[in-house]
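My notes are below, in the order I looked things up.

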Amino acid sequence: MLVAALAACSSSDPIRVPLSDQGNIQLPRENVAKLPLFDLLTLDSRRGYLYVAHKKVVGSIAGVGGVKQIAITPDSNIIFASASAAGAVLEIDVDARKVLATIPVDGSPDAIDYDPVHDYVVVCLGGAKKVAAIDRKTLKVVGTVGLPGSPELMAVDPQSGRAFVAINDQDSVAAIDLGSLQVTSIYKGCDIKAPTGVAYDPAQARLFVADRGLVSVIDVLVDRCLGSVDIGNGVDQITINPHNHHLYTANGGSRNLSVIDILSLQPLGEQGTGPSGDGVAADPTTSMVYVIVGRAGIIAAYHDP
C-alpha cells in the first residue's frame with residue numbers, strides 16, 4: 001500500500017527543509033483588532049503579481065467585502081473576485097483598481113477559478129451547495145450545477161474543461177463537466193476525510209486532495225486511488241508547480257508547508273511558516289513559493305530549493 005510505504009520512509013528519514021527563506025512581505029493591518037483578514041492566494045506569473053484575497057473593503061472599491069479568492073483570465077489586466085458579503089462575482093480592472101462589473105450570484109461565492117476551454121469563470125456557492133459558470137465575455141451566468149454537499153476549494157483542468165470540487169461534508173470530490181454543466185464523477189475512498197484543498201496535474205491526470213493530515217492521490221483516467229502522503233494538519237490551500245513537479249500544502253494547524261514530489265509521490269520535507277499559514281501560491285517561472293501567515297500579517301516568501 002502506498003501510504004504505508006510513504007509513512008515508513010518519512011519516519012526513518014530526518015526532516016529536511018526543502019525551501020530557502022527569501023524574507024517576508026508585510027501586509028496592511030486594517031481592522032479594529034489590528035489583525036489582518038486575508039484568505040487565499042492567486043499568482044499571475046505573466047505580470048509577476050501575487051493577488052491576496054482580502055476579507056475587508058479595500059481601497060476605493062467601496063461597499064464590497066468578504067473577498068475570498070481571485071481568478072486570473074487571458075487578459076492579464078482583468079481578474080475576477082468572489083465577494084461573499086456582496087453575494088457577487090466582481091470583474092476588476094487591475095491597472096485602474098476599479099470594479100468594472102458586478103455579477104450577482106446566490107449562496108456565498110467562495111472558491112473561484114477560470115476554465116480556458118469554455119471561457120468560463122467558475123465559482124463555488126457554499127450556501128447554495130452549487131457551482132456557477134459565468135461567461136467571461138457576456139458576464140452572464142450560463143448555468144449552475146447542484147452539488148451533493150458543501151463545497152470547499154476547487155481545481156479546473158485546463159485541458160478538458162472539468163472542475164474538481166472538494167465536498168467537505170461528504171468526504172468526496174465532485175468532478176463537473178463544465179460543457180454540459182453536469183456532475184460526471186464522485187471520488188470517494190482513498191483516505192479522503194473532510195477534504196479542503198484540491199490540485200490537479202493534467203500531465204498525469206492525477207488529482208490531489210488534501211484533508212486532515214493527508215494528501216490523497218487519484219488517477220482520474222482509471223478512477224483509482226494511488227495512495228496518500230502524510231502532511232501537516234489544518235491544511236487549506238494546495239498548489240502545484242508544474243515546472244519542478246512539486247506540490248505545496250499550507251498546513252495552518254502545524255504551522256508549516258509540506259513539499260511533495262508529484263511524480264514519485266514522495267514527501268520532500270517541511271518548511272516552518274509560523275501561525276495560520278493557510279494560503280499558498282507558486283510561480284513556475286521563478287520557483288518562488290508564497291504563503292499567507294495570517295496571524296503575523298505577512299506573506300512568507302521562499303525559493304525552491
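**Ground rules.** I am working with a predicted model, where local features need pLDDT of at least 70, side-chain atom pairs count only at pLDDT 80 or more, and totals for chains, interfaces and linings use all residues. Residues are numbered from 1 along each chain as its sequence is written, and side-chain values use heavy atoms, with hydrogens and water left out.

**Confidence.** I checked pLDDT, the predictor's confidence in each residue from 0 to 100. The protein has a mean of 88, and 88% of its residues reach 70 or more. Over residues 1-14 the value stays under 50. The model has 13 contacts beyond four places in sequence for that stretch, a contact being heavy atoms within 4.5 Å.

**Whole chain.** I counted one helix and 26 strands. Both are DSSP runs numbered from the N terminus: helices are H or I with at least four residues, strands are E with at least two. Of the 305 residues, 54% are buried. Buried means under 20% relative accessible area, exposed over 50%, and partly exposed in between, with a 1.4 Å probe and protein chains only. The accessible surface comes to about 12,400 Å², and carbon and sulfur atoms hold 51% of it. Those areas come from the Shrake-Rupley method with a 1.4 Å probe; for residues, only the protein chains shown count as cover. I also looked at contacts between residues at least 6 apart in sequence: 42% of them join residues at least 24 apart.

**Sheet one.** I found an open sheet of four strands in the order β20-β21-β22-β23, with antiparallel pairing. Strands pair here if DSSP finds at least two bridges between them. At the edges are β20 (235-241) and β23, each with a single partner strand, so one side of each has no neighbour in the sheet. On average, neighbouring strands are turned by 20 degrees against each other, direction ignored. Axes for that angle are lines fitted to C-alpha atoms, for helices over the stretch in contact, and angles run from 0 to 180 degrees between N-to-C directions.

**Zoom on β22.** Is β22 enclosed or open? Six of its six residues are buried, so β22 is largely enclosed by the rest of the structure. Side chains in a regular strand alternate between the two faces of the sheet. In β22, N256, S258 and I260 lie on one side and L257, V259 and D261 on the other, all buried.

**Partners of β22.** Strand β21 (residues 246-251) joins β22 by six bridges, antiparallel. I noted T249 with its bridge partner S258 in β22. This pair of strands makes a hairpin with four residues between them, and R255 in the turn has a positive phi of about 60 degrees. On the β23 side, β22 (residues 256-261) and β23 (residues 266-272) pair over six bridges, again antiparallel. The bridge partner of S258 in β23 is E270, that of I260 is P267, and that of N256 is G272. In this hairpin, with four residues between the strands, L265 takes a positive phi near 60 degrees.

**Sheet two.** I then traced another open sheet, β12-β13-β14-β15, with antiparallel pairing. Its edge strands are β12 and β15 (182-187), which each pair on one side only. Its neighbouring strands are turned by 25 degrees on average, direction ignored. Between β14 and β15 I saw five bridges, and I176 stands opposite V183 in β15.

**Cores.** Which residues of the largest nonpolar core touch the most other members? Of its 19 residues, they are V131, L147, M154, V165 and I176. A nonpolar core is a set of buried Ala, Val, Leu, Ile, Met, Phe, Trp, Tyr and Cys residues joined through side-chain atoms within 4.5 Å. The elements giving two or more residues are β9 (120-125), β10 (130-135), β12 (151-157), β13 (162-167) and β14 (172-177). Beyond four places in sequence, V131 has contacts that include V122, L147, V165 and I176. A second, separate core has 15 residues, among them A199, L226, I231 and I238.

**Last stop, S287.** I found S287 in the loop between β24 (277-283) and β25 (288-293). At 12% relative accessibility, S287 counts as buried. Leaving out neighbours within four places in sequence, S287 is in contact with N241, N244, Y302, H303 and D304.
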